[in-house]
Each structure stands twice: as structure tokens, then as C-alpha cells.
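Biologist: I have not looked at this one before. Can you walk me through it?

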Amino acid sequence: MIFRRVLFAVCAIFSFCFAGGLFGCSSDRTQKALPSEPPSNAGLVPLVYQKLPHNILWLTNDTDPVFASDNAEKGGVIREAIMNFPMTFRVVGPDSNGSFRSAILDNQLALINIHPVSRRIIPELATHWAYAPDKKTMYFKLDPDARWSDGVPVTARDYLYTLTFMRSEHIVAPWYNDYYTREIESVTAFDDYTIAVKSTKAVPDLYLKLGISPTPEHFFKTLGEDFLSRFNWAVVPNTGAYQISDFKKGRFIRFSRKKQWWAKDRRYFKNRFNVDSVLFTVIRDFNMQWEYFKKGRLDTFGMVVPKFWHQKSNTPVINKGYVERIFFFNDLAQPSRGMWLNLDRPVFEDIRVRQAFAHAMNMDKVIKQVLRGDYFRLPQAFYGYGEYTDYTIKARGYDISQVEALMKQAGWHRGPEGIWQKGAMRFSVIVTYYLEEHMPQLAVLKEEALKAGIDLELERLDPTAMFKKTLEKKHDVAWMGWSTGMRPSFWEGWHSDNAHKPQTNNITNTDDPELDKLIDRYRDSLDEPERINLSGTIQNKIHDICAYVPSYMVPYVRVAYWRWMRLPKFHGTPVSDSLFDPFASDAGGLFWIDEHIRHQTLAVLNAGQVFAPVTIIDDKYKRKGRPE
């Protein structure tokens, strides 16, 4: 969902309940039904309401096209796999920034959202919105039917509490402390269902900043020093279609659909979020997930990795039509995949050495040889943001002569084994990664880097261990990526405020005063053309610092699915990054399970009969000028 992507910022792109007051304890398994009578706000301090200004021009949007199918059916279970069990169900604080948090956050709605096709504002928890003359404030009318999953109404006090929560030192989340202090000035309540959210400054696209989510005060109450441990496995009440209903640590997590969800008949939610439950099973090996899928124990399988699409797809369940495939182009900002250098490592102190490292990474050969030309070279860390991207920036190409010149300028020489040396220092670094499928790519990089005099030691960890190591800044080079938002975000990953300390997204430990000034100006700018210009300048500065080596981009979705998994005729939207995403409120939950087709498929399979194989290529959202 778009506001989670903006306000909850960047998450690592790793492979990736409902009961209010649910906590993990000594048992590995925790389950609890919703209370028959919802708790109330009794005992909470009454709010003091302000007077609502006159002449507010209220806006709404109930005319944009719906983007779900009238053929959708309710029911069934979608069975998915995750590589690792999350370290916490918290979405803030230490160890919370893993990929599974999106499953939790996408079930927490915001005030407003963005239509996935028209890109205009649509209602979510607010039915109407308005802009104040100061260009810093938005007013919202809350939907009086909105409910937390424990039955408590969502009211103005939950938005006031968001500021209290996000500013609290007890959540141990410096980014959120800073954002909700530096960027969000106040939340004002005019009655139980009318609020104003005020920015500390006027900004372009104010709605992207102020459409915040509520936080259930009745659940968290007064925060204390025990927040991290007390809420580590808490299933927090939410406002979306699903909530965790059951889990066993290290084994599985089940989300169940709320049968009486308050928004199920709203215009932009109708005929969506159709399956009764979503079961995530921990299967730590990607190839083992493939075996589970072929046996019908998983319902979908992502096939972006070329060997699965081109080679392993030559298998009976696909050739006999029991499983179908789709190749769907989307139009999204690209995650910043690549190699992240830790500048606190002595070997990377000299910018010429970092540049030499970049020129020694033969990404083009990886794309051509290992990835079968299916992927495209990513030019830089912030690609695909429209006017906010400088498309003149190009990634450094593989060039041994450049490596030689730069290393000699930096005072290095080739040692007996051909590896660059300087005094007692040898140009050997550990590249940490998590997915076995990436080994062939890294093996090519290692081989090509060796020709250029650089020794890459490859270290594979499980996703949780790798992410923890990277956030604690204990890596040499991290092979990973960060997700995107509606606009480029620079402070989290590139400002010195987040360098040389654990649990921040500046994993390169970039600490550049000139870059800091540019980022501060970008954050403080009141003028969109200036922000666009600053965005390009910052991107060029980041390119020059050379703490990041971009790898490749994948502007499409490729997935195999058992034929009982059904999609709308249009398959997906321009912002669909997963056609079988069960939760995201901007474009998720469009699929459904057809039980008649399931029974038919299994009967044909058991009888040894076949269907015609199906492969769908949908390129309606493919950007013009993109390589074929």
C-alpha cells in the first residue's frame, strides 16, 4: 500500500494475528478468538476538541473506476512460502524492518490512498479530505463505520496517539522519532470523526505525507521501557481485511479474513480480499519451495529467476496445463538492488578504490550469461521516479584498465597472486548474501573481479541473519536491495545522521557533509521544481561517492500458479508488484480461488488427462523505450 511505502519507508527486499491483546508466551503456538464484546475506551482521558474552521471545501472520490472483478468468489486458503520466520511482529524498533512487516502493515489502512490506475486520491479510513490555505494542513472526515479488529471504533484519538507513539523513546525507532517530530507538527481533533494533520512545512504532494495511519491507544495505552519485549509477538489490532489468527514460531503464520470487515462493501474494496485465509509456511530453501509447488502444496511460485521460467518450467504440471504462467509488465519505481559497500571498512576509505571496485563488477556479463538477458542493468539507486530521477546517470561498466589506473593512483600494487595490495592490506572483501539462487550471479562477479585483482569471498546467511548483520553494519559488502516509495527518500539511507550506528538504513555509513546539506535542503524545500532539481543533484552526488554498485532491475512480474487461482481479465494494475498479493490495499487482493476449477483440475490430473498449456504475456504497462 502506497502510504505504508512512504511513511514506513525502506525495507530490505528479502523473500518474504486476528485477536486484540494477543501475545506470544512460553508456548510456540498462540491462538485466541476475538472477544465477543469489544473493549471500550473507558478510562482514557477525554479529548478536548477544537473548533472546526468555516468554509472548508470537502473533497472525495467515488467516481474513479473500480479495479476488481465481479466474478470474484469468496473462500479458500492460499498457501504461500516464506524463507524465514520474522524476528518480531513489531513494525517499529530493533529487528522490525524485515520484509514480513509488509504483510502486517498492508493490513493497517491509512486515511487515504492512491488509485492504482488514475493515480488520484481515493478514500480509505477517511471519507472526505480538504486542504487548508496554509498549504501545510489537511482536514479529514473519518469513516464512522471504521473498526479495529477487536471491534473498537477508529476515532480521532487514535490519530493523536500516533504522534505520542511514534515520538516515544520507548519504541527505540530513531527514524520514526525524527519523522513524526521533524515532519509532522500536529494532529488536531474537532470531534470524534474529524481531524486535521499538519506538516511542519508546506511540501509538494502534501497528501502523500499527511495520509497517516491510526494507532490503537486502547491497546498500547501508556508506553514503557518494556515495550520491545512486551509487544515483540503482540498481534496488534488493525483496520484491514486480515489479521494473524494463528502462528507457530519457526513454522508458519496464518492470517484470517474478517467475515464482517467494516469496509468489505466500500467501492474500492468490493470483490477484493477474497480468500478466507493466507497461510505462510517457512520453507528455507527456494528449490524446496519449487518442489512443494509442483506437488500442489503451494498455490503460486514466483518465476522471475530465469532458470525457473526458461528451464524448470519444462515440467509435467506446466506442460500438461495443471499450472499456468503469466509474464506481466508493471510500471513501478525500481528497488535499489546491488552491492552496498561499508565505508567504515579501511579498504573502502579511498574513493578511487571504491570506483575501482565498481569497474571490477561485470554486471553486464551476469545479466547476459546467468540471467539470459531477461533483466536490465540498473543505472543508479533511484530509477523510475519520473521527473525525480536523473536518467543521464549510468552505472560504471566493467573495465579492467580503469581498475588498474585507479588502484595505482591510490598507491596499490598487484601482489604475488595478482590481488591488489597496499602495505599489509589485501583487496579481499566478504560479499554477504542470502538466497542460494544468487550464487551463480555472484560466482560470475567473483571470477571477473579476480581478473581485475579483487578477491570476493562469498558468504551466504539466512535472510534474518543477513539482515541483522547488515543493519548492525558488520558487513564488508551486502548484496541486497531496498524497496521504493512514491518519491525518492535520501535521508534514511544516505545522511550522516544514520551513519556509524546500528539499526539504521545507512548501511554504507556514508558521512558526507556536502551530501547532508543537499538532503536537508531536499527535505525542507517548499518548491517542487527545486525538489526535483535537488533530487537529481543528490543522485549524482551519491553516484560520485560510489558506495553503491547497482546491479539490475526487473520491471515485471513472472509467476506460475495452479489453474484454480484466478485473476481478473486485466490481470493486474500498473503498480501490481505481485499479482497474488493478498493484502496491499492499493492493488492487492484481486485474485480468488475457484473451487470448481480446483476439483476439475485434480480430477483431470488423477485421471492422467491434460489441459492445453497456458502462458500469458501482458505488456500493456511496459514503458516505451525499455529494452526488449
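**Loops, a helix and a cavity**

Modeller: At 61% relative accessibility, Lys-135 counts as exposed. Bear in mind that this is a predicted model.

Biologist: Where is Lys-135 found?

Modeller: Lys-135 sits in the loop between β5 (126-131) and β6 (137-142). Its phi is positive, about 60°, although Lys-135 is not a glycine.

Biologist: What about Arg-119, what is its phi?

Modeller: Phi of Arg-119 is near 65°, a positive value in a residue other than glycine. Arg-119 lies in the loop between β3 (112-114) and β4 (121-123).

Biologist: How accessible is Arg-119?

Modeller: Arg-119 is partly exposed, with a relative accessible area of 32%.

Biologist: Switching to helices. How many residues of α11 are buried?

Modeller: In α11 (residues 351-359), 7 of the 9 residues are buried, so the helix is mostly covered. Among the buried ones are Arg-354, Phe-357 and His-359.

Biologist: And what happens at the start of α11?

Modeller: There, a side-chain oxygen of Asp-350 comes to within 2.8 Å of the backbone nitrogen of Arg-352.

Biologist: What classes of residue make up the lining of the largest cavity?

Modeller: The lining has 22 nonpolar, 9 polar and 9 charged residues.

How values were computed. Residues are numbered from 1 along each chain as its sequence is written. This is a predicted model: local features need pLDDT of at least 70, side-chain atom pairs count only at pLDDT 80 or more; totals for chains, interfaces and linings use all residues. Side-chain values use heavy atoms; hydrogens and water are left out. Ala, Val, Leu, Ile, Met, Phe, Trp, Tyr, Cys and Pro count as nonpolar, Asp, Glu, Lys and Arg as charged, and the others, Gly among them, as polar. Buried means under 20% relative accessible area, exposed over 50%, partly exposed in between (1.4 Å probe, protein chains only). Helices (H or I, at least four residues) and strands (E, at least two) are DSSP runs, numbered from the N terminus. A polar contact is a pair of N or O atoms within 3.5 Å; within protein, one must be able to donate a hydrogen and the other to accept it, and residues adjacent in sequence count only if both atoms are side-chain atoms.
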